[in-house]
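Please work through the following exercises with the sequence and the model side by side, trying each task before reading its solution.

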Amino acid sequence: MTAHRAGLAALGNTPLGDVPGDVRRLDLAVLTGIAAFLGSRLPEGGPWTADQVADALGAAPRHRWIPGRWLTVLADEALVESSAPGRYHRPRRYRRAELAAVRDTLDRARRGLGYPETLTRYLLESLRLLPEQLRDEVSAQTLLFPDGEFGVAAAAYRDNLVNAYLNAAAVEYVRRLAPGRTLELGAGTGSLTVGLLPVLRGCATEYLFTDLSAFFLEEARVRFGGYAFLRAEVLDFSQDLAAQCGPGPFDLVIAVNAAHNAPHVGELLARIRGLLAPGGALLLVETCREHHQSLTSMPFLLSARPGGTRPERRDTRAGTDRTYLTREEWRDSLAAAGLTPRLDLPPVDHPLAAFSQRLFVAARNP
Amino acid sequence: MTPLPSPARDLTRIWAELLGLDPGEIGPDASFLRLGGDSVLAVRMSALVRKRLGVELALSDVTVEITLSALADLVARRGGDGGTAGRALPVDIRRRPDPDAPFPLMPLQQGYFVGQHDGWELSYDSAHFYGDMALRDMDADEAEETLADALHRLALHQPTLRARITPDGMQHVLPPDAPGAIPRPRVHDLRGAGEEEIRATLETVRHEMATTGPDPLTGPGLDVRLTLLPGDRGRLHTAMSLIAMDGWSATLLNRELLALAADWNAVPAPLEVDFGDYVTSIGRLRATGQWAADRDWWWDRLDDAPPPPALPLRADPRDVAPTLMDTREARLDAARWAALREACAAHGVTPSAAMLTAFSVVLARWAGHRRMLLNTLQLNRLPLHPDIHRTIGAFASTLLVPVALDAGRTFAELAVERQRSFGEHAGHSLISGVEVARELARRRGTTRPVAPVVFQSTLGMDAAVGERQARSAGPLGELDFADFYHQLRTPQVALEARFWEMNAEMVFAFSLVAEVFEADQVDAAFRGLVELVEALADGSGWERVVELPGAVDAPRDGRLSLGGPAAAETAVAAGPPRDELEQRIALLWEEILDVPVLDRATSFFSVGGDSLLAVRTLARLAKDVGVAMRVRRFLDAPTVAGLAEAVRERGAAQ
Ligand SMILES: C[S@@+](CC[C@H](N)C(=O)[O-])C[C@H]1O[C@@H](n2cnc3c(N)ncnc32)[C@H](O)[C@@H]1O
């Protein structure tokens, strides 16, 4: 079975025709929520600059860039008016009945995309707490890991149509590859790890589960305790890799929704290539377009650490607010790092492509 | 009371564990961040605090900059003083497979249910709480849709808002899509009205809502209304049936309703268990040894229980038919309430224990004696699940507390003794006070309320629930806590003292049946309470010797007073049932009570009958012999012969 077929099989006979529409509806619902928030908080008059908006919202220094990011997107979607470049009018006010309808649309689209109910709760809660998030009184992590548990993250990264598809496709690929040594970067909640470990049982000699935050490692040690070949360690992939995990070689390197956190993706890919055995593969799951859906959370996670400065991007994203690379940029970067494409899913004309989450596999030539 | 261990030790352990440090390395003033924590670990930390210390922290409490000492303070403040906390319970809570399945009434619900059937002296068509509060800066165009939206979401979140009671005294929850399941607000639009019309309408609405409460037998146990007034002002009216919701729930309901109104995107954290799960689990308590031990503890003491305070009366409670209770109210502002809390802490008593003592002192002076039986409404729930304190339902129970105030003691000494004694009684509260009262009445051979003077306190609830009530309710406007009107109507109660927190102030009130008391005596007693509470807040009231009457027990001198002798019950000649009607009644009792009923002088309550069964028995009798009897009439002579006599009398009248 091809990886694509395996991915589709995981969805059973869920109809997929509405997926693009639901993706769009979910995005617009969240964006409308942001517009309503700004509409209720900004002073009359204007037009305002992004800085003035950040002032009006009392944004903490590290989050001051975020309102500007929103306004750009809102202007693109014609939810705010921009009379001159960089100057924005206050969004209109929304009635309660309209917002109740937004809430219902959001929940219906959420269901259509196979996300569990917690996602609705999470999205609404992150909208409600935008003022507190901006003022740094409530952290995005608090919302993402309520009670320190993984429910929301699991919904966002695993329990939905596209991730069910991508994970099943990835598992199928790895099953056939049968790697001996695997390194996972930014493994976090281990959304793909759970599915991979069982198929690795026969062949694996080592699975190195790494993340920047020790929070996840403790959790992984307990959760994956049954796999003797798994080790969990702190590893910062924006630094030299070999110095942290040894020179390799690894048969498989994995990064699920993590690689874009590197300040320079080209450098990261080059380092990974250096760790790969000949014929070894890099498996990436990446979002290739920032969805409005994530605008109430992602930006906050990308701000500087308290007291620090915001991580600068030095690759093709330099000088922009962009978080993610496009599909083309990933393909180019992989090629530039001397990795040959093996998988690039879902097919661009497939309804699941509307999520813009993709699975890339690229191999080091033997 | 031994001081609570400071939470700092437990917190140090939690931090050490999360940060991989030695407890010794964690200084009180280093921030979580400095010690190597990050924001995800901070979330984990607050989860551990909740699980291990049972303390809920607000989202905004959880910052990486917090120091251990600041956190310890916070945890200590949020800790509350739940009486049953710490006691291991012999049952656990389980989710029922079918959340819509009927479940029995709790004992106090039964009391209210029977009260609604006019079963008691001092009962009303509905037992309910009514309140209305002023709103300012309302967005009148949106207020109605906002309130309807909030109520809708609340009814999805809290199943009790969809609860119904069946005529035979069971309860169940309607699924959200059942017709009428979701309560809707009613709006009185007076924006164009003149002052006189506004005043008259407000009075009508209040009167209507205060005298005809929502009845979960026929609709939702909740009635929510909104008055729109000129100048972007308004009032929010809520009436809640006590059969469906207790006082704790009333506070929760207000908070949650207003939070949902304030924010279209507010989503309350889901509740993992519901009231039906709780009731069903509590039901299993009765089969445990601990429950039997608590029952025996009470049964051993009942014969020594004193009567209620012998407050002078101007009318016999059985002869009055009140429609409303009268209210006296006072407040301690935020600063004095904070001072009172501190003074209580300094004397090692909880604010509730201090207020119970103050109320007892006032009663002793009024009644002229120092030993008396009080009833207390217990709003804290058995901690079977962490979500229980966030659940709306009729969890409340009562606890009888015999009070004996020693002469020549300071207030501080009396309060410490009250707290000790209260704790001792509360420590045996697996059996509900309603059942204890029933047994006491049975032993005394009376069907009159044995403890019609009630104390109720939710002080400490703000801390237990965590976040404070918000001031702003979005398009509904700003709440004006100072402009709050309320009414309580609860059966079998002659006088009830209530203490609660509102907007960081302490409010306390008397609710009473005005028809039985002399108004000037009520005024004087309430004034006495206010003076005492104020003296406790300013610190001067604690070390003074409390002036009390000399008599320990009430001199029953024939004057009309609370708990005085019941009207003589007519004696029934013992023997087998004399006629067909008596035989029929005996058979019906046998069927309902499942015991042989051979003697026509048998009292319903001596062979296992209770008030709920009485309601059922009369319903059956009405069907069988076509005569509808009032419960109260039955309680006057609850024997086979007495009931037959009443049926004949009633039949003749119909
Ligand atoms: C969006 S999460 C995805 C987590 C995980 N792969 C999953 O699918 O559940 C991104 C993860 O990358 C980690 N991360 C971010 N920057 C990192 C870095 N420089 N080095 C290592 N991990 C990093 C974060 O701690 C987080 O766990």
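The exercises below go from a whole chain to single residues, each with a worked solution.

This is a predicted model, in which local features need pLDDT of at least 70 and side-chain atom pairs count only at pLDDT 80 or more, while totals for chains, interfaces and linings use all residues. Residues are numbered from 1 along each chain as its sequence is written, chains are lettered from A and ligands numbered from 1 in the order in which they are written, and side-chain values use heavy atoms, with hydrogens and water left out.

**Exercise 1. Describe the overall build of chain B.**

Start with the secondary structure: chain B has 19 helices and 14 strands, where helices (H or I, at least four residues) and strands (E, at least two) are DSSP runs numbered from the N terminus. Along its principal axes, the C-alpha trace of chain B spans about 90 × 60 × 55 Å. Finally, buried residues make up 57% of the 654 residues in chain B; buried means under 20% relative accessible area, exposed over 50%, and partly exposed in between, with a 1.4 Å probe and protein chains only.

**Exercise 2. Find the order of strands in the open sheet of chain B that contains β1, and identify its edges.**

Two strands pair if DSSP finds at least two bridges between them. With this criterion, three strands of chain B form an open sheet in the order β1-β4-β3, with antiparallel pairing. In chain B, β1 (103–104) and β3 (163–165) each have a single partner strand, so they stand at the edges and one side of each is left without a neighbour in the sheet. Looking at one pairing in detail, β1(B) and β4(B), residues 170–173, are joined over two bridges, and Phe103(B) has Gln171(B) in β4(B) as its bridge partner.

**Exercise 3. Classify two aromatic pairs of chain B.**

A pair of aromatic rings is described by the distance of the centres and the angle of the planes. Rings of Phe, Tyr and Trp (its six-membered ring) pair if their centres lie within 6.5 Å, and planes under 30 degrees apart count as stacked, over 60 as edge-to-face and the rest as tilted. The whole structure holds 24 such pairs over all chains. In one of them, the ring centres of Trp15(B) and Phe32(B) are 5.0 Å apart and the planes stand at 65°, so the pair is edge-to-face. This pair links helix α1 (residues 8–19) of chain B, which holds Trp15(B), to the loop between α1 and α2 (39–53), which holds Phe32(B), 17 residues apart. Both Trp15(B) and Phe32(B) are buried. Trp297(B) and Trp298(B) also form an edge-to-face pair, at 5.2 Å centre to centre and 80° between the planes, and both are buried.

**Exercise 4. Is Glu582(B) buried or exposed, and which residues does it contact?**

Glu582(B) lies in helix α16 (residues 580–593) of chain B. Its relative accessible area is 2%, so Glu582(B) is buried. Contact means heavy atoms within 4.5 Å; leaving aside neighbours within four places in sequence, Glu582(B) is in contact with residues including Arg600(B) and Arg648(B).
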